Amino acid sequence: MKILQCLIVVAFLYRNKCVCDRNDKKYNITIVNFENPLSKIMTTIINEFYSVESHQVIITREAENDRSRIIQAGIINEVLYEIDDRILVRLEGCSSKDHNILHYYNIFFVDTYQSFREIIKANSSEKFDFSGYYTVVLTNVQKNYTDIITRILNDCWELYIVNVNVVSYDPYNIQRAFVHTYFPYTYQHCGQVKPVITGVFKNNSFLRNITIFPNKVDNFHKCNLTIGTLDYEPFIMITTLGDGTHYLNGFEGFIARALSKRLNFSTIIKTHYERWGIVDGLNSTGLCGMLYRSEVNFTIGAFPASDAYDSSISSTITYFITPLILIIPPGSPIGAMEKLLFPFQLSSWTCLSACFILSAIVVSITKFIKPQTRAFIIGQGNNIPFTNTINIFLGGTLSMTPRRNFARFLMMLWILCSIVLRGSYQGALFRFLKSQKNVSIVDTLPKMIEKDVKIYGDEGVAMYFTSESLYGSMFTLIDAADIDAYRLKTLDQNFKGALVDTALTVAYLNDKYVTKNIRFSVSKHEVVQFYIGILMRQYSYLKVPFNRELWRFLEHGLIHHWYSLYLDPNNLKTVSDGNVPKALNLNELGGVFAIYLFLVGFSLLVFTLETLSTKSKFLKRIFGFLT
C-alpha cells in the first residue's frame with residue numbers, strides 16, 4: 001500500500017496538477033507545489049502569530065479520502081520546511097487520545113465540513129480549550145465554499161470559539177488565498193455569524209496589513225447581554241424605573257454597570273425564584289440552571305468563584321473576598337442569681353468553698369483537742385471561731401483579737417485573702433451590672449456543638465460544611481428563598497440555630513436597621529473566606545474582556561470604593577453600653593434581695609431551733625457544739 005501511495009505522489013509531482021470534481025464542478029488546483037498559496041499563508045500566520053504567542057502549535061488533520069490526505073501532507077510538509085525551528089509543531093490525527101493538556105493554539109487541516117466535525121466531536125471538551133486560537137485550513141476548492149465556511153463558523157460560535165480563522169483558496173484564482181472570520185457583535189447585527197474576508201494573500205504576502213486574530217468582543221456595539229441576577233442587598237439591588245426598565249444598584253450592581261459602559265453593551269435582567277441554585281448538569285437549578293441552559297450570558301450577585309463547579313461553568317477572577325460568618329441569636333437575659341455568680345468562674349467558687357469547708361473542719365477538730373492547743377490555733381477566748389471567719393470575710397470587725405503569734409498569722413492571712421476576693425468580686429460584679437449585657441452567647445462552633453445548635457445555609461455555602469466531619473452534622477440545608485426568614489429568626493433569643501451569611505451583608509443590614517433598633521449578632525470566628533466572581537459558561541468569550549476590565553477596576557481602587565460604601569467593620573462589633581451610665585434597676589439587683597430574704601429566713605429558722613433547744617437536749621447539744 002505504501003509503495004502505491006509513493007507511485008501516486010510521483011505521478012502528481014510529474015504532472016503537478018490534479019482535477020477536483022465536487023458538485024459536478026471541476027477546478028484545477030496545484031498539488032505539492034512550493035508556490036502553493038495555502039502553505040505560504042500558513043507559514044506567514046505561524047511566523048507572525050503562533051511563534052510569537054506560544055512555544056508550540058498543534059496541527060490536527062482529517063480528510064475523507066486518500067487524495068485529500070496526500071494534498072494535506074504536501075501542504076504541511078512545505079509549511080514545516082518554511083518555518084524551520086521557530087516553533088515546536090505537534091502533529092495529530094482527530095482520533096488522538098492524549099488529553100493531558102488542553103489544546104490552546106490549534107491549526108486544523110480539513111477538506112470538507114464533515115472532516116471539521118470529525119475533529120471537533122472527537123472528545124472536544126477534553127481535548128480543546130475553546131477559548132484558544134484556531135485556524136481552519138480548507139484544502140479543497142468548491143464553488144459553495146462560503147456555505148461550508150459559514151457552517152464551520154456557526155459551529156465555532158456555538159462552542160464559544162471566537163478566535164477562529166478559516167483559510168481557503170480563492171475558487172476563481174487558485175494563486176490567491178483568503179482569510180475568513182466572523183464578528184458576532186457589530187453595529188449591524190448582534191450574536192450572529194456572518195463570515196467576512198479579513199485578508200487576501202497573493203504573491204507570498206497579504207495585500208494589506210491585517211491583524212490575524214482581531215479583538216471581537218472589546219465592543220459589543222450596544223448589543224444586549226442577558227444578566228442572571230437577584231435582589232440581594234448590598235451586592236445587587238434591582239430598582240424598577242418608571243418606564244419598566246431595571247436599574248442595578250449595590251456593590252456588584254456598580255460593577256455590572258461599569259462593565260456595560262466599558263464594553264458598550266446593553267443589559268437584559270433575568271431573575272429566578274430559586275435564587276442562586278446549584279450546578280448539577282441537567283438538574284441545575286435557579287440562576288445556575290439558567291446559565292447552564294444558556295438562558296443568560298453571565299450571572300452576578302454574590303456568586304462564589306469556586307473550582308467546585310463542573311466543567312460547564314467557569315468564573316472570572318476573584319474581585320472581592322468577604323468572610324462567611326454565623327448570625328446568632330442575641331441570647332437570653334441573665335437571671336438574678338446568675339448575675340451574682342457571674343464574676344467568678346466555677347474553679348474560683350470551688351476554691352472559695354473549699355476554704356470555708358476547710359475552716360469548718362479545723363474548727364470542728366479543735367472542739368476535741370486540749371484548750372491550750374486550741375488557744376494556740378484559734379486564739380484565747382475565741383468561742384465562735386466559725387462565725388468570726390465569716391465575719392472577717394464579709395468585712396466585719398472582731399471584738400477580741402488573738403494573743404498568740406500563730407493565731408494572729410492565720411487571722412492576718414485570712415483578712416488579706418478576704419480583701420482581695422471581696423474587692424475583685426465587687427468590682428467585677430459592678431462592671432457587669434453596669435454593662436447590662438445578655439447571657440453568655442453561643443458564639444463559637446465548639447459552644448454550638450455543646451448546645452446542639454443547628455447551622456442553616458443554602459446550597460452555595462453547603463460545600464464549606466458538608467466537607468467537614470466535625471461540623472457537617474450541624475449543617476441543615478434550606479432553600480435560598482428562605483434566607484431572609486431565617487435571618488429574622490436569629491433575632492429571637494429562643495431560636496436554637498445560626499445562619500451562614502457574608503460579613504458584608506450583616507454589616508450593611510446592621511447599618512440599615514440601626515434606627516429601628518435591630519441588630520444582628522455574629523459569631524466570634526469566621527467560618528471561611530468567601531471568594532466572589534462572575535459566573536459564565538465554560539470557555540465563554542466574555543471571560544477575557546471581563547477579566548481585563550476587572551483588573552483595571554481593582555488596580556484603580558474602584559472596587560474597594562464601591563464595597564466600602566456598604567461595609568463598615570464597626571457594624572460587625574458587639575454594641576457596648578460601657579460609656580453610657582445607666583442606673584441599676586430592681587431586676588438587676590434581684591439576686592441581692594433574693595440572698596437577703598434567704599438569709600433572713602435562715603436566721604428565723606435558727607432562732608426557732610435555738611428557742612426549741614431549751615426543751616430538747618439533742619438540739620441543745622448541737623448548738624453547744626456549734627458555738
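Here is a tour of the model, stop by stop.

**Before you click**

You're looking at a predicted model, where local features need pLDDT of at least 70 and side-chain atom pairs count only at pLDDT 80 or more, while totals for chains, interfaces and linings use all residues. Residues are numbered from 1 along each chain as its sequence is written, and side-chain values use heavy atoms, with hydrogens and water left out.

**Stop 1: the whole chain**

Show everything as a cartoon. The protein chain has 21 helices and 22 strands. Both kinds are DSSP runs numbered from the N terminus: helices are H or I with at least four residues, strands are E with at least two. Take the contacts (heavy atoms within 4.5 Å) between residues at least 6 apart in sequence: 72% of them join residues at least 24 apart.

**Stop 2: helices H4 and H6**

Select residues 113–121 for H4 and 145–158 for H6. Their axes come within 10 Å and cross at roughly 20 degrees. Axes here are lines fitted to C-alpha atoms, for helices over the stretch in contact, with angles from 0 to 180 degrees between N-to-C directions. That makes H4 roughly parallel to H6 (under 35 degrees is roughly parallel, over 145 roughly antiparallel, 65 to 115 roughly perpendicular, the rest oblique). Now show side chains: Tyr-113, Phe-116 and Arg-117 of H4 meet Ile-148, Arg-151, Ile-152, Asp-155 and Cys-156 of H6. By class, this contact has 5 nonpolar, no polar and 3 charged residues. Nonpolar covers Ala, Val, Leu, Ile, Met, Phe, Trp, Tyr, Cys and Pro; charged covers Asp, Glu, Lys and Arg; the others, Gly among them, are polar.

**Stop 3: helices H7 and H18**

Next, pick residues 251–263 (H7) and 543–555 (H18). How do H7 and H18 lie relative to each other, parallel or perpendicular? The axes come within 11 Å and cross at roughly 115 degrees, so H7 and H18 are roughly perpendicular. On the H7 side, the contact is made by Ile-255, Ala-258, Leu-259, Arg-262 and Leu-263. H18 brings Pro-545, Phe-546, Arg-548, Glu-549, Leu-550, Arg-552 and Phe-553. The class count is 8 nonpolar, no polar and 4 charged residues.

**Stop 4: aromatic pairs**

The structure holds 39 aromatic pairs. Rings of Phe, Tyr and Trp (its six-membered ring) pair if their centres lie within 6.5 Å; planes under 30 degrees apart are stacked, over 60 edge-to-face and the rest tilted.

Select Phe-251 and Phe-320: this pair is edge-to-face, 4.9 Å centre to centre, with 65 degrees between the planes. Phe-251 sits in H7 and Phe-320 in strand S17 (residues 320–328), 69 residues apart. Phe-251 is buried at 0% relative accessibility, and Phe-320 is buried at 5%.

Then try Phe-298 and Phe-546, whose centres are 5.1 Å apart with planes at 80 degrees, so this pair is edge-to-face too. Phe-298 lies in strand S15 (residues 298–304) and Phe-546 in H18, so the pair ties together parts 248 residues apart in sequence. Phe-298 and Phe-546 are both buried. They also belong to one aromatic cluster with Trp-157, Tyr-160, Tyr-182, Tyr-185, Phe-220, Phe-265 and Tyr-541.

**Stop 5: Thr-226**

Finish in strand S11 (residues 224–228), at Thr-226. Thr-226 counts as buried, at 12% relative accessibility. Leaving aside neighbours within four places in sequence, Thr-226 touches Ile-268, Lys-270, Glu-295, Val-296, Asn-297 and Phe-298.

Notes. Buried means under 20% relative accessible area, exposed over 50%, partly exposed in between (1.4 Å probe, protein chains only).
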